Amino acid sequence: METIRNWLLPLILAAGQSVLLWHGLAGGEAPGLPGLAGVVCALVAEAAALGRRRQAPLRALAGTLGACTVGMVAWPDGYVGLGTLIALYSVAVRCPVPVTVRAVTVTVGVEWGLSAVQDGFRVSLLTLTIGLSVYVVCAGLGEARRQWLGGRLTAARRLAGAEHARRTAGDQERRRLARELHDVSAHHLTSVVVTVDAARRLRDSRPELAAEALSFAERTGRETVAALQRLVGLLRDTDPPGPGITSAGIEELVAGFGRLGRPVAAHIPDDLTGPAAEAIHGIVREALTNALRHAPGAAARVLVRRVDGVLELTVENAPPRTLAPHDAGGLGAGRGLAGMRERAAAAGGELSAGPGPDGGWLVRATLPDAAGPQHPPGPGWRRDVLREQRLADPALALAAMVLPVVTALAATEDWPERTRRASVPGLIVVTVLLVLHALPLLWRRRTPSASFVAVLATAWMWPVAVAVVPLPSRVSQFLVGGVLVEMLAVYALAAYGQGPSRTWPAVIAATVGTASVVTATAAADGYLAGDPVSGFAVVMVVVLCVVTAPLFAALCGAGLVVRRRRLRVLENDDFALASSMWHAQQATEAERHRLAVTLREAVLHHTTSLVDLAERGRLDDVAATARAALAAMRDMLHGLGDAGDPAERLAPSPTAADLDPLCRALVAAGRDVRLRGLPEAARDLPPSVHVAAYRIVEAALGAGDVGAARVALRRRRGTVHITVTGVPLAVAGPVAERLRVQVAAADGRMELEPTGNVRVSLPAGPAPAPVQEVSPSPYA
């Protein structure tokens, strides 16, 4: 599949150029035999260079430039060097902006040099400017694509990390709780057992030790009971605040919600601490989680201000920017709003929540806090990943500014000398008007509505300038070239605006506005395209509306399609992240609840009985109860992952030997999968390598490919080499990131080949003793 993608476009270009060459031969316009040989060599070189544009874009650009040079010299009037545009686009997609800028400079220099040689060093200004504009726009579009792919890669990494955290949340919580439980109470019970046993052994020789042991057991037991009760209470709290929450922790929490490209902005004082900071942390976490569930892709803002000794917290999110939001039912427990109010009340404040003025959701809380410095809100909170471009917008704005101006200057070459000199002031005015008209395009992604309004407003400078200056008729006609700006503004409003309901009126506004401006300019000038204008202005407006309405409607529809597709991708990321977070939370809460039940029913019960027996002076029973409590504690610590109901026990970890049934299951499902290298390569592997090998092959085979796949394991010099072929969907995207996480966890190395091959090396210790070779048995 990757090979087809690499070579399909070069072959299509070569076929198109071959058709032109054939027509030239049939019409007698083709070059001679040397020129024909040069054209064929140029086609072959261009196709070969473009075939490597994804792996080596700079070399592909150099190859296409060389092929273009040969082709243009061999057949100046018939060779079309479109391969250079494609190679430059690939450079912009896969290289940083400085490299792209240098590539554009070299490409434009070669283009201008060829034009100068062909035209006898009398280069047309129009030709040079059109070439510059086309290459700059091409590079800008490639850079926009590079940023989008970079965002997708970052999203894939975040999602892979969230999925890995979801799978390991239960294990990590068990280990953490085991350490906490041991630190809290295990050593207390051990000291009670040791003290009471010593008192019992020395009861006859030192009877006073019994009273001391009973007093120590009672005091230590009470401390242990209090500690266990606090721990059980924390375990029952499904969302306990983290210890020592400060402003940095809240900012990290907000940054975590924005790492997938979500437009989340925050302004938080840098000295928050104590109960107020813990309450703000919990409220912000719940509010942003709800926004992630119910308004995917929407902008959000977190603002904390100090006013008259209180903290004012505002968490606001815009309405969802998608036509079909995911159903978030089932991801929440239904206590989000109540939990936020409880947090605010516990900190001595209050909270309110409800719909915002723009249809979004607004959470406000006031919390007591000591007086502190007040900082103004930070600007620019509505910045969106879809609107961050460093090269595309300036490139399009430059093209919209320059092309009409250069067209006008090129047209003056055919005018008489006297007319040309008299038109210089008018051309300067037209240039200034066109530049001002196109300038709002620089902000078409960040503020599409304001940019669109500015474009429509600056267009009315045309009839005013024609009436006031006045401009010659031959000069004023070039103002019509500014309609290109309206087209780009309409597309930007649809692609980066607020949805179809607020975009379609822009089509009507652009159509009527453009027709009215052109009609008013023609009426003030008296001419349109060199012909006198009659007095039927209304008819002219209607005709222009009929002509331009389909064009603006098509641009608007294209922008809406692009917007919907990209927002759907971001929405899926939001939903996947929210789902992973929810499942991880559920796994953590399940472990906490299970440990709380075990503590209450076993350890806490024994410890409470120990205190009661110590108060009653029953030393022997105290010793037995302390031992029972300690045994229950140790059993719970040692078997924390396997204790409890059998349905809750962890499934046994898979091993490399389980690859055989995995591949057989895929074969039974209709896929051609073959496995080689078992059981020799899997003998005497460390447990961690067993699990890693299985998970890596499982992820690669489960990427979604349906074609034939081959899995090979080989043990050599203390390393297990795993090769999975026929899995092109596993070498990119979330699956590739998941593989990287698994390989890194096993301290291994991995190579992902574009052809669909995954090669992994895992450290496995010394190789086992050689055994008789067993021939592999293919499954298909």
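Is Arg 717 buried or exposed? Arg 717 is exposed, with a relative accessible area of 74% (exposed denotes over 50% relative accessible area, buried under 20% and partly exposed the range in between, with a 1.4 Å probe and protein chains only). The structure is a predicted model, in which local features need pLDDT of at least 70 and side-chain atom pairs count only at pLDDT 80 or more, while totals for chains, interfaces and linings use all residues. Residues are numbered from 1 along each chain as its sequence is written, and side-chain values use heavy atoms, with hydrogens and water left out.

Backbone geometry was examined at two loop positions. Arg 717 is placed in the loop between strand S9 (709-716) and strand S10 (719-725) (helices, H or I with at least four residues, and strands, E with at least two, are DSSP runs numbered from the N terminus). Although Arg 717 is not a glycine, its phi is positive, at about 55 degrees. Most residues other than glycine have a negative phi, and most peptide bonds are trans. A cis peptide bond, with omega of about 0 degrees, joins Leu 678 and Pro 679. Pro 679 is located in the loop between strand S8 (673-676) and helix H22 (687-701).

Helix packing was described by axis distance and crossing angle. Helix H3 (residues 57-74) and helix H4 (residues 83-94) have axes that come within 9 Å and cross at roughly 165 degrees (axes are lines fitted to C-alpha atoms, for helices over the stretch in contact, and angles run from 0 to 180 degrees between N-to-C directions). H3 is therefore roughly antiparallel to H4 (angles over 145 degrees count as roughly antiparallel, under 35 as roughly parallel, 65 to 115 as roughly perpendicular and the rest as oblique). The crossing of H3 past H4 is left-handed (the near helix is turned anticlockwise from the far one by less than a right angle; clockwise would be right-handed). For helix H14 (residues 448-459) and helix H18 (residues 504-525), the axes come within 10 Å and cross at roughly 15 degrees. H14 and H18 are therefore roughly parallel to each other, and H14 passes H18 in a left-handed crossing.

Side chains of opposite charge can pair when their charged atoms come close. The whole structure contains 13 salt bridges (a side-chain nitrogen of Lys or Arg within 4 Å of a carboxyl oxygen of Asp or Glu). One of these pairs Arg 200 with Asp 620, with the closest N and O atoms 3.1 Å apart. This pair links distant parts of the chain, as Arg 200 lies in helix H6 (residues 125-201) and Asp 620 in helix H20 (residues 619-638), 420 residues apart. Arg 200 is partly exposed at 37% relative accessible area, and Asp 620 is partly exposed at 38%.

Glu 312 forms a salt bridge with Arg 305, the closest N and O atoms being separated by 3.1 Å. Glu 312 is partly exposed, with a relative accessible area of 24%, and Arg 305 is partly exposed at 34%. A salt bridge also connects the side chains of Arg 759 and Glu 753, at 2.7 Å from N to O. Here Arg 759 is partly exposed at 33%, whereas Glu 753 is buried at 19%.

A nonpolar surface patch comprises Val 424, Ile 428, Val 432, Leu 436, Leu 439, Leu 442 and Trp 443, with about 590 Å² of accessible area together. Patches are made of residues with over 30% relative accessible area and no salt bridge, joining like charges within 9 Å and nonpolar side chains (Val, Leu, Ile, Met, Phe, Trp, Tyr) within 5 Å; accessible areas come from the Shrake-Rupley method with a 1.4 Å probe, and for residues only the protein chains shown count as cover. Val 424 belongs to helix H13 (residues 424-438) and is partly exposed at 42% relative accessibility.

Trp 462, in helix H15 (residues 461-468), is buried, with a relative accessible area of 2%. Met 401, in helix H11 (residues 392-411), is buried at 14% relative accessibility. Met 401 and Ser 133 are 268 residues apart along the chain, and their C-alpha atoms are separated by 10.0 Å.
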